[in-house]
Amino acid sequence: MINGVKTIGIIGGGQLGLMMLEFIRRLGLKVAVLDPDPNCPCAKRVDHYIDAKSFNDRVAFLRLAQASDVITYEFEHINVALLRILEQAGHKIYPSVDSLAIIQDKYTQNLAMEKFGIEVPKFVAIPNMEELNAYWCRYEKKPFMLKSRFGGYDGKGNFLVQHEQDLETAFKQLGGYAGEDRLMAEELVKFKRELSVVATRGLDGSCVFYPVAENTHKNSILDTTCIYDSKVDLFGNEWLGEGVWDQAVDLSRKVMECFDGVGSFCTEMFEADGRLLVNEVAPRVHNSGHPTLDACVTSQFENHIRAILGLTLGSTEMTTPFAAMKNIIGCENGKIIGFEGREKAVDLGAHVHIYDKAASKVGRKLGHFTICGKDAYGLLKKINIKAIVR
């Protein structure tokens, strides 16, 4: 038992839960996981698997609470009303239910940050089709992003509106007719690159920050993340430009203060014209923080668990000058029977992480690999791991 905690409960049994699980086990603690999928990566590796009908299963949430001393989660699309019931009954939940309630609605998330002095892309709620048409005219008929306020990830829930004829299609496709609090419009930012910073905040308010990450996406899904151990790249050049690194870390600090975060949070940003705008906040460990597993003294997963247990946070210093992480994405649907290219990746020094998912789906994250060191970027191009399915 550590600080009164014997069992940690995790809502969601996917790869993020799996990587948290590894550190929890090292501490000798027990784990309970709630997930509707009995074949999820965590199901057979935990002490208590809560087989939920869905993530809205009240009975399953109560069972998780009874089995756990503290609860966390691996994704933010959770029934807040059920979490409030647990919280009001005295169960500890981190990050807090209040912060989750704000963040899981992209519109209220942006409102909170704007009020706190954090710069975000210009945005407005779109309650109905009439307002969407009016916005199109006010915005001088320029392309913009129409977004679902709830539940979007990996590009899902976003629609790039480029022409007037897109308006009705976008509104209908994103569920605009289901209610007046469903959608928001956001200016289309012409950015130089996408950055992110993972930070971890403890129960005592102490905060640590990981190196600024540069992210590239394919089909709106994170493809690669690169981190350096300093503000200069492998050639001695200041890769982020004057002041951008410090600005990124400062934005991450403000985000943690804004939402009174506990645990690991990721702040995603656009770099545009020498300034940074916050694109989105994830109140959890994040895909762009995966390089920390193999390239930092303490990973984002370990520090998240340290934080919710009330332990001292670990060092975020890199143990290598450079690290590049690449996701292994499903290219076809079917049962996974193996992985092609894994042996070559290991031979080239890659740290390979397979998530033990039973099936591949197009666009599904099945694993990732990280290469560390000065030759990492070149080696990254020589590796291609692909799921073999039937």
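How much of the accessible surface of the protein chain belongs to carbon and sulfur atoms? In this predicted model, the accessible surface comes to about 17300 Å², and 47% of that area belongs to carbon and sulfur atoms.

The protein chain contains 12 helices and 20 strands. Its radius of gyration is 21 Å, close to the 21 Å that the globule rule gives for 390 residues, so the chain is as compact as a globular protein of that length. Along the principal axes, the C-alpha atoms fill a box of roughly 60 × 55 × 50 Å. Of the 390 residues, 55% count as buried. Among contacts in the chain with a sequence separation of 6 or more, 62% are made by residues 24 or more positions apart.

Part of the chain near its start was examined next. Strand β1 covers residues 7-11 and pairs with β2 in the parallel sense, over 5 bridges. One of the residues involved is T7, whose bridge partner in β2 is K30. Strand β2 spans residues 30-35 and is mostly covered, with 5 of its 6 residues buried.

Helix α1, formed by residues 15-26, includes I24. The relative accessible area of I24 is 0%, under the 20% limit, so this residue is buried. Leaving aside residues up to four places away in sequence, I24 touches I8, I10, L29, K30, V31 and I305. Of these contacts, I8 and I10 fall within the residue range of strand β1, while K30 and V31 fall within that of strand β2.

An antiparallel arrangement is found elsewhere in the chain. Strands of a sheet pair through backbone hydrogen bonds, either parallel or antiparallel. Here, 3 strands form an open sheet in the order β18-β16-β20, and the pairing is antiparallel. The edge strands are β18, residues 359-360, and β20, residues 386-389, each of which pairs on one side only. Strand β16 consists of residues 334-340 and is joined to the antiparallel strand β18 by 2 bridges. Across this pair of strands, G334 stands opposite S360 of β18.

How values were computed
Residues numbered from 1 in each chain as written. Predicted model: local features only at pLDDT ≥ 70, side-chain atom pairs only at ≥ 80, totals over all residues. Heavy atoms only, no water. Pairing = 2+ DSSP bridges. Helix = DSSP H or I, 4+ residues; strand = E, 2+ residues; numbered from the N terminus. Rg over C-alpha atoms; globule rule 2.2 N^0.38 Å. Buried < 20%, exposed > 50% of the residue type's maximum accessible area, 1.4 Å probe, protein only. Contact = heavy atoms within 4.5 Å. Areas by Shrake-Rupley, 256 points an atom, 1.4 Å probe, with all protein chains shown as cover.
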